[in-house]
Amino acid sequence: MRAIKGMATVDSHGQLALDDALTIDRDLRVEVIILVPDSLEIDADDQQKAKILDDLRESLQDMKEGRIYPIAELWDGIDV
């Protein structure tokens, strides 16, 4: 047996939602060990990291779909 480490969120129904897809065979039964932080409060730093990752994923999707702008246009209207 081998271990794969990843992060997940427990939703309002008590179901796990993995942050990233697993790259293993499908329809395979697995054993899950859940490590819960001592404090049930979500760390603010983790929230910031999650927000940054979401923003990066959105930016990557924008790029893939052609929603990009020349760098020179990004400075238009910005007074320093």
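I took buried as under 20% relative accessible area, exposed as over 50%, and partly exposed as in between (1.4 Å probe, protein chains only). The model is predicted, so I kept local features at pLDDT of at least 70 and side-chain atom pairs at pLDDT 80 or more, while totals for chains, interfaces and linings use all residues. Residues are numbered from 1 along each chain as its sequence is written, and side-chain values use heavy atoms, with hydrogens and water left out.

Fold. I found two helices and two strands in the protein chain, with helices (H or I, at least four residues) and strands (E, at least two) being DSSP runs numbered from the N terminus. The order along the sequence is β-β-α-α. The radius of gyration is 19 Å, well over the 12 Å that the globule rule gives for 80 residues, so the chain is more spread out than a compact globule. That radius is taken over C-alpha atoms, and the rule is 2.2 Å times the number of residues to the power 0.38. The C-alpha box along the principal axes is roughly 55 × 35 × 25 Å.

Buried residues account for 1% of the 80 residues. I noted an accessible surface of about 8500 Å², with 56% belonging to carbon and sulfur atoms; the areas come from the Shrake-Rupley method with a 1.4 Å probe, and for residues only the protein chains shown count as cover.

Salt bridges. I counted a side-chain nitrogen of Lys or Arg within 4 Å of a carboxyl oxygen of Asp or Glu. The structure has five.

Aspartate 55 pairs with lysine 51, closest N and O atoms 2.9 Å apart. Both lie in helix H1, four residues apart, about one turn of the helix. Aspartate 55 is partly exposed at 33% relative accessibility, and lysine 51 is partly exposed at 48%.

Which residues does arginine 67 bridge to? I found aspartate 62, at 2.5 Å between the closest N and O atoms, and glutamate 65, also at 2.5 Å. Arginine 67 is partly exposed at 43%, aspartate 62 at 21% and glutamate 65 at 44%.

Asp20, Asp54 and Arg57 are linked in a salt-bridge network.

Patch. Val10, Leu16, Leu28, Val30, Val32, Ile34 and Val36 form a nonpolar surface patch with about 660 Å² of accessible area together. Patch residues have over 30% relative accessible area and no salt bridge; like charges are joined within 9 Å, nonpolar side chains (Val, Leu, Ile, Met, Phe, Trp, Tyr) within 5 Å. I placed leucine 28 in the loop between strand S2 (16–18) and helix H1 (44–64).
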